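Me: I would like to go through a structure with you. Could you take me through its surface and its aromatic residues?

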Amino acid sequence: MLIRGGLGLGIIFFAVWVYCLLEVIMTDESRIRNLSKTTWIMIVLLTFEVGAVAWLVAGRPTTQPRDLPYKGNTGRPVLRYPEYDRPGRFAATNPDDDEAFLRQVRERAEQQTRAAREQRAERERQAELERRAQAEGRSAQDGSPSRAAPEGDTSDDKPGGQTG
């Protein structure tokens with residue numbers, strides 16, 4: 001019976017030690033009291049139950065953070081972004097009300113449209129040059145003089161030179 005009691009007590013002490021060690025590791029360093037996080041880890045790790053009790057008494061944060069979303073939270077809310085509450089801070093406005101911003105957007109859209117037109121025209125010029133080069137290359141292989149067909153001439157489209 002005494003062995004079972006000692007074993008049970010040992011398991012409880014071990015569980016408390018593991019709990020305290022994990023809690024030291026997972027607690028934010030800014031909330032830990034009295035010593036640094038590394039020092040508390042070493043104390044709990046090396047002194048077992050004594051370190052665990054010391055952590056619970058002297059190192060563990062005394063209160064939970066007040067911004068937890070549980071049902072009974074009655075603490076005042078913790079501001080997550082206090083820089084937004086500074087006096088004199090630039091306040092964002094609706095972009096539709098800012099004429100300078102709208103003018104800048106319009107100018108940029110016009111520049112992008114112009115650039116797209118120029119790129120399209122350049123691609124079309126390159127394609128036309130490639131078609132002409134291919135046509136000249138075929139006529140040089142055939143031995144026939146190169147003659148560019150006038151636009152709208154469809155006599156080469158039908159077999160046997162038939163016209164429609």
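Reply: Let us begin with a definition. Patches are made of residues with over 30% relative accessible area and no salt bridge, where like charges are joined within 9 Å and nonpolar side chains (Val, Leu, Ile, Met, Phe, Trp, Tyr) within 5 Å. A salt bridge is a side-chain nitrogen of Lys or Arg within 4 Å of a carboxyl oxygen of Asp or Glu. Accessible areas come from the Shrake-Rupley method with a 1.4 Å probe, and for residues only the protein chains shown count as cover.
This is a predicted model, in which local features need pLDDT of at least 70, side-chain atom pairs count only at pLDDT 80 or more, and totals for chains, interfaces and linings use all residues. Residues are numbered from 1 along each chain as its sequence is written, and side-chain values use heavy atoms, with hydrogens and water left out.

Me: Which residues form the nonpolar patch on the surface?
Reply: Leu9, Ile12, Phe13, Val16, Tyr19, Val53, Leu56 and Val57 form it, with about 710 Å² of accessible area together. The elements giving two or more residues to this patch are α1 and α2; helices (H or I, at least four residues) and strands (E, at least two) are DSSP runs, numbered from the N terminus.

Me: Which element gives the largest share of the patch?
Reply: That is α1, with five residues.

Me: Is Leu56 buried or partly exposed?
Reply: Leu56, in helix α2, is partly exposed at 34% relative accessibility. Buried means under 20% relative accessible area, exposed over 50%, and partly exposed in between (1.4 Å probe, protein chains only).

Me: Now the rings. How many aromatic pairs does the structure hold?
Reply: It holds three. Rings of Phe, Tyr and Trp (its six-membered ring) pair if their centres lie within 6.5 Å; planes under 30 degrees apart count as stacked, over 60 as edge-to-face and the rest as tilted.

Me: Why is the pair of Trp17 and Phe48 tilted?
Reply: The ring planes of Trp17 and Phe48 stand at 45 degrees, so the pair is tilted, with the centres 5.4 Å apart. The pair links distant parts of the chain, with Trp17 in helix α1 (residues 2–26) and Phe48 in helix α2 (residues 37–59), 31 residues apart. Trp17 is buried at 13% relative accessible area, whereas Phe48 is partly exposed at 42%.

Me: What about Trp40 and Trp55?
Reply: Trp40 and Trp55 form an edge-to-face pair, 5.6 Å centre to centre with 75 degrees between the planes. Trp40 is buried at 3%, and Trp55 is buried at 0%.

Me: Which residues form the aromatic cluster?
Reply: Phe14, Trp17 and Phe48 form one cluster. Phe48 also has a positive phi of about 50 degrees, although it is not a glycine.
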